[in-house]
Amino acid sequence: MESATFRKWLTDRGCRFDHHEHHQRGEGQTLVTVHRDGRKTQVPLGGSRQILDQRVVHRACEELGLDPSQLPGPQSRV
């Protein structure tokens with residue numbers, strides 16, 4: 001899943017985002033803290049076309065109390 005798609009999906013579910021300090025190109029991932037209903041998680045949401053690891057997406061959903069089966073895309077990916 002592209003990071004822009006995941007970010008929109010999270011936004012639609014009431015999540016807000018805190019960006020961490022900016023890294024120079026090549027200095028690692030840009031982590032974003034995602035908040036929802038008193039819960040939080042960190043996700044590497046750097047570039048909008050960045051493909052996120054499925055395990056990272058599922059972990060974030062679990063930590064935020066969201067159902068990963070509702071993620072956009074074919075159900076075979078879930």
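Me: Before anything else, what do buried, exposed and partly exposed mean here?
Reply: Buried means under 20% relative accessible area, exposed means over 50%, and partly exposed is in between. Keep in mind that this is a predicted model.

Me: Okay, so where does E63 fall, and where does it sit?
Reply: E63 has 35% relative accessibility, so it counts as partly exposed. You'll find E63 in helix α2.

Me: Which residues does E63 touch?
Reply: Setting aside neighbours within four places in sequence, E63 is in contact with R39, K40 and T41. With T41 there is also a polar contact, side chain to side chain, at 2.4 Å.

Me: How far is E63 from Q42?
Reply: Their C-alpha atoms are 9.5 Å apart, and the two residues are separated by 21 residues along the chain.

Me: Back to T41. Is T41 buried or exposed?
Reply: Buried, because its relative accessible area is 3%. T41 is part of strand β3.

Me: And what's around T41?
Reply: Not counting residues up to four places away in sequence, T41 touches V32, T33, V34, R59, A60, E63 and L64.

Me: V34 is in that list. What does V34 touch?
Reply: With residues up to four places away in sequence left out again, V34 touches L10, C15, R16, F17, R39, K40, T41, V43 and L64.

Me: New topic: helix α1. Which of its residues are buried?
Reply: Helix α1 covers residues 3-12, and its buried residues are S3, F6, W9 and L10. They span an arc of only 125 degrees around the axis, so they are on the same side of α1.

Me: What's on the face turned away from that?
Reply: The exposed residues K8 and D12 are there.

Me: What covers the buried residues of α1?
Reply: The cover includes strands β1 (16-19), β2 (31-36) and β3 (39-44), along with helix α2 (54-64).

Me: What comes after α1?
Reply: G14 follows α1, and its phi is positive, near 85 degrees.

Me: How are F6 and W9 placed in α1?
Reply: They are three residues apart in helix α1, about one turn of the helix. In general, an α-helix has 3.6 residues a turn, so residues three or four places apart point the same way. F6 and W9 are both buried.

Me: What lies over the face of F17?
Reply: That's R7, at 4.9 Å from the ring centre.

Me: Last one: which residues touch the most other members in the largest nonpolar core?
Reply: That core has 16 residues, and F6, W9, L10, V34, L45, C61 and L66 touch the most other members. Elements giving two or more residues to this core are α1, β2 and α2. Helix α2 gives the most, with four residues.

Note on methods
Residues are numbered from 1 along each chain as its sequence is written. This is a predicted model: local features need pLDDT of at least 70, side-chain atom pairs count only at pLDDT 80 or more; totals for chains, interfaces and linings use all residues. Side-chain values use heavy atoms; hydrogens and water are left out. Buried means under 20% relative accessible area, exposed over 50%, partly exposed in between (1.4 Å probe, protein chains only). The arc is that of the directions from the helix axis to the C-beta atoms. Contact means heavy atoms within 4.5 Å. A charge sits over a ring if NZ of Lys or CZ of Arg is within 6 Å of the ring centre and within 35 degrees of the ring normal. A nonpolar core is a set of buried Ala, Val, Leu, Ile, Met, Phe, Trp, Tyr and Cys residues joined through side-chain atoms within 4.5 Å. A polar contact is a pair of N or O atoms within 3.5 Å; within protein, one must be able to donate a hydrogen and the other to accept it, and residues adjacent in sequence count only if both atoms are side-chain atoms.
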